[in-house]
Structure formats: C-alpha cells, structure tokens
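Here are my notes on the model, as numbered points. Please read them with the structure open.

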Amino acid sequence: MTASPTKRTSAAQTSSSKPSASTATGSENPQVRRRAGATSRTNRSGRSDANAATGPYVLAVANQKGGVAKTTTVASLGAAFAEMGKRVLLIDLDAQACLTFSLGVDPDTVAVSINEVLIGQAGIRDAIVECADGVHLVPSVIDLAGAEAQLLGRPGREFVLRTILEEVESDYDIVLLDCSPSLGVLTLAALTAARGLLIPMPCEMLSHRGVGQLLDTVRDVTRLLNPKLEVIGVLPTLFDGRSAHSQAVLADVGERYGLPVIEPPIPKTIRFAEAPAVGRSILTTSKSSKGARAYRAAAKSLAGRIWGA
Ligand code: ADP
Ligand code: MG
C-alpha cells in the first residue's frame with residue numbers, strides 16, 4: 001500500500017452534529033459521526049451511571065512481536081463485549097491499519113484518523129466510526145508513523161492518549177487498544193492510558209521471547225507513568241489442541257512469568273483468515289465456530305476480572 005497522508009474533507013467532517021444510523025460496512029462514507037452519547041446510556045450530565053466514578057475499563061492489547069493475534073483479539077473481544085451489551089470503543093494504534101481494514105473501513109478513505117487526534121488537530125469524537133459488529137472504532141491510516149515521529153518531540157507524549165480518552169469517558173464501558181508490534185511511543189502511551197494489559201501469546205516455540213522485555217516496560221510504566229496499570233493476563237492464541245507442543249507451551253506460560261492465563265486458549269483455525277476479508281469479526285462471520293466460542297468465553301472471563309460479573 002502507498003503512503004497516503006492526504007487529508008480529505010468529507011461530508012462527515014462538515015456535518016459533525018448529525019447522528020447517523022449507517023455503519024461502516026455498506027455505507028458510502030464510513031466516517032460516521034456520532035454525537036456524544038447518542039447511542040449510550042448517559043444521563044443529563046452526560047455521564048453514564050455505571051461509569052460515573054470510574055469511566056471505561058481501558059485494556060491495552062500488546063506484545064511487541066507481530067503476528068501473535070493482537071488485532072484479531074481486539075476485533076473478536078470487541079464484538080464479544082458488544083454482544084454482552086457493553087459499549088465498546090476500539091482504537092487502532094498500528095500504522096499497518098489492520099484493525100481498521102478488518103472492520104470494513106478502508107484506511108485510504110478515512111477523513112479523520114487517530115493520527116490527527118494524537119497530534120491535536122481533531123477531537124476523538126471526530127474520528128469515531130460505527131462498525132458493523134456493534135463496536136465503535138477510531139481508525140488508523142498508513143501515515144500514523146508520522147504522528148509517532150511528531151509526538152517524539154513533545155512533552156508529556158506518554159499521556160496523550162490518556163488525556164484524549166477523558167473526552168469520551170462517559171460514552172463507553174470498555175476501550176480496547178490495538179498496539180503496534182513495537183515498544184515505541186504509541187505503545188507507551190497505550191500502557192499509560194490503560195488499566196489493564198492483555199498479552200496475546202501464541203502457543204508456539206519461542207513465542208514467549210520478548211515477554212520479559214514487555215514486562216520490564218510495564219514495570220517502568222507502573223513506576224513512572226501509570227501506577228494503576230496491571231497485567232490482566234496472557235491470552236494463549238493460535239492453540240493447536242492436538243499438538244503436545246502447544247499443550248506444553250500453554251502449561252509453561254503462566255508459571256514462567258507468574259501471570260494469570262486467560263481461559264480458554266484460542267484455537268488455531270482457518271476461519272480467522274477469512275473474517276477480515278468481509279470487514280466483520282469471526283463472531284459474525286462464523287458465529288458458532290470454535291474460535292468464536294473461545295473468544296466469547298475469554299471475554300466472559302475477562303469481564304469477571306474487570307467488572308466482577
Ligand atoms: P498481530 O496483530 O499480533 O500482528 P494478527 O491478529 O494480525 O496479529 O494475526 C496475524 C495473522 O494470524 C492474521 O493473518 C490472522 O488472520 C491470523 N490469526 C490470528 N488468530 C488466528 C487463529 N486463532 N487461528 C488462525 N489464524 C489466526
Ligand atoms: Mg496487529
């Protein structure tokens with residue numbers, strides 16, 4: 001794909017007060033503007049009763065290795081939380097824009113992305129898109145790397161995402177952050193904004209390499225930037241139940257790092273490769289497949305840890 005930093009002025013940008021019922025999939029312009037709290041259970045003061053005290057649970061999904069199913073996990077857990085009736089916001093923090101693409105939004109048609117929001121050229125509400133799986137998305141674009149470079153020179157850059165999320169804190173129950181495969185400034189900003197970190201880890205040989213480094217970073221973030229951050233757990237992904245090796249890796253994962261392991265492990269299945277092509281998560285393309293069921297069960301187990309339900 002070519003870098004396309006062109007900023008388009010779309011109808012959505014100029015009619016920001018107009019709520020729309022259309023969704024990303026099948027909609028001509030995917031940048032659907034949503035008035036604050038238009039679909040949320042907010043009271044007159046604009047705050048949700050359930051979240052008046054705490055705001056949404058912000059969950060960073062990170063692992064600096066690529067291909068460990070971060071993006072698949074964000075899309076699938078997001079759809080699962082939405083099925084549970086939660087108000088879900090997903091944020092694509094990767095310049096590859098895979099989450100954006102997999103939810104049916106063409107990054108090249110995005111008028112306002114996380115890029116403009118991060119560098120202060122737009123508010124987060126201007127970037128939110130409603131997607132077909134019942135989730136809202138702040139899309140990425142290929143030139144997000146440009147935003148990362150701009151942020152590098154700014155004071156307080158680690159706090160930028162936390163500050164941005166304050167604007168929508170009464171609109172959502174959970175915010176999932178799809179991190180890029182690096183421990184760069186955007187991942188640090190995600191860890192600084194987050195309450196929890198979920199680490200997807202494939203049940204394959206050497207997949208745990210780098211986790212020590214990620215946990216060192218978490219320790220630094222906890223000490224210097226965000227004392228509230230906790231590792232909610234490791235999510236075993238790409239699990240092959242028939243393989244003794246997968247079983248051995250699974251058995252080793254939690255013990256090695258002293259971290260909770262979120263159950264059940266997510267099975268390796270071809271269905272995951274098919275879902276992004278139609279802009280929906282596996283929960284809608286393959287409703288009762290074992291992968292969809294596993295993500296629903298993992299979301300339930302996370303919900304227990306997050307909300308005690
Ligand atoms: P990351 O965001 O960590 O780079 P992705 O979520 O993009 O990882 O997944 C990498 C690749 O693995 C994608 O092609 C995705 O479709 C595939 N994949 C993810 N989870 C599974 C799974 N459980 N079974 C089979 N393929 C999977
Ligand atoms: Mg990804």
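1. Pro 264 and its peptide bond. Pro 264 sits in the loop that links helix 9 (244–257) to helix 10. Helices (H or I, at least four residues) and strands (E, at least two) are DSSP runs, numbered from the N terminus. The bond between Glu 263 and Pro 264 is cis, with omega about -5 degrees. Most peptide bonds are trans, and most residues other than glycine have a negative phi.

2. Basis of the model. This is a predicted model, in which local features need pLDDT of at least 70 and side-chain atom pairs count only at pLDDT 80 or more, while totals for chains, interfaces and linings use all residues. Residues are numbered from 1 along each chain as its sequence is written, and chains are lettered from A and ligands numbered from 1 in the order in which they are written.

3. Confidence. pLDDT is the predictor's confidence in each residue, from 0 to 100. Its mean over the protein chain is 83, and 82% of the residues reach 70 or more. Residues 1–30 fall below 50; this stretch still has 52 contacts in the model beyond near neighbours in sequence. Residues 32–52 also stay under 50, with 41 contacts beyond four places in sequence. Two residues are in contact if their C-beta atoms, placed from the backbone, lie within 7 Å.

4. Overall make-up. The protein chain has twelve helices and seven strands. Of its 309 residues, 49% are buried. A residue is buried if 20 or more other C-beta atoms lie within 10 Å of its own, exposed if 12 or fewer, and partly exposed in between; these C-beta atoms are placed from the backbone. Among contacts with a separation of 6 or more, 76% join residues 24 or more positions apart.

5. Helix 2. This helix has 14 residues and reaches 20 Å from its first C-alpha to its last, close to the 20 Å expected at 1.5 Å a residue. The expected span is 1.5 Å times one less than the number of residues. Of the 14 residues, 13 are buried, so helix 2 is largely enclosed by the rest of the structure. Just after helix 2, Gly 85 has a positive phi of about 90 degrees.

6. The largest nonpolar core. A nonpolar core is a set of buried Ala, Val, Leu, Ile, Met, Phe, Trp, Tyr and Cys residues joined through C-beta atoms within 7 Å. The largest has 91 residues; Leu 59, Ala 60, Leu 177, Ala 190, Ala 194 and Leu 197 touch the most other members. Helix 2 provides the largest share of this core, seven residues. Beyond four places in sequence, Leu 197 contacts Ala 60, Ala 62, Leu 191, Val 218, Leu 229, Val 231 and Ile 232.

7. Helix 7. Eight of the nine residues of helix 7 (residues 185–193) are buried, so this helix too is largely enclosed by the rest of the structure. Its buried residues include Leu 186, Ala 190 and Ala 193.

8. Positive phi in loops. Ala 97 has phi near 55 degrees. It lies in the loop between strand 2 (88–92) and helix 3 (98–102), and counts as buried because it has 25 C-beta neighbours inside 10 Å. Leu 238 has phi near 50 degrees. This residue is in the loop between strand 7 (230–237) and helix 9.

9. Helix 12. The buried residues of helix 12 pack against helix 2, strand 7, helix 10 and helix 11 (282–285). Among them are Tyr 295, Arg 296 and Leu 302. Gly 308 follows helix 12, with a positive phi near 65 degrees.
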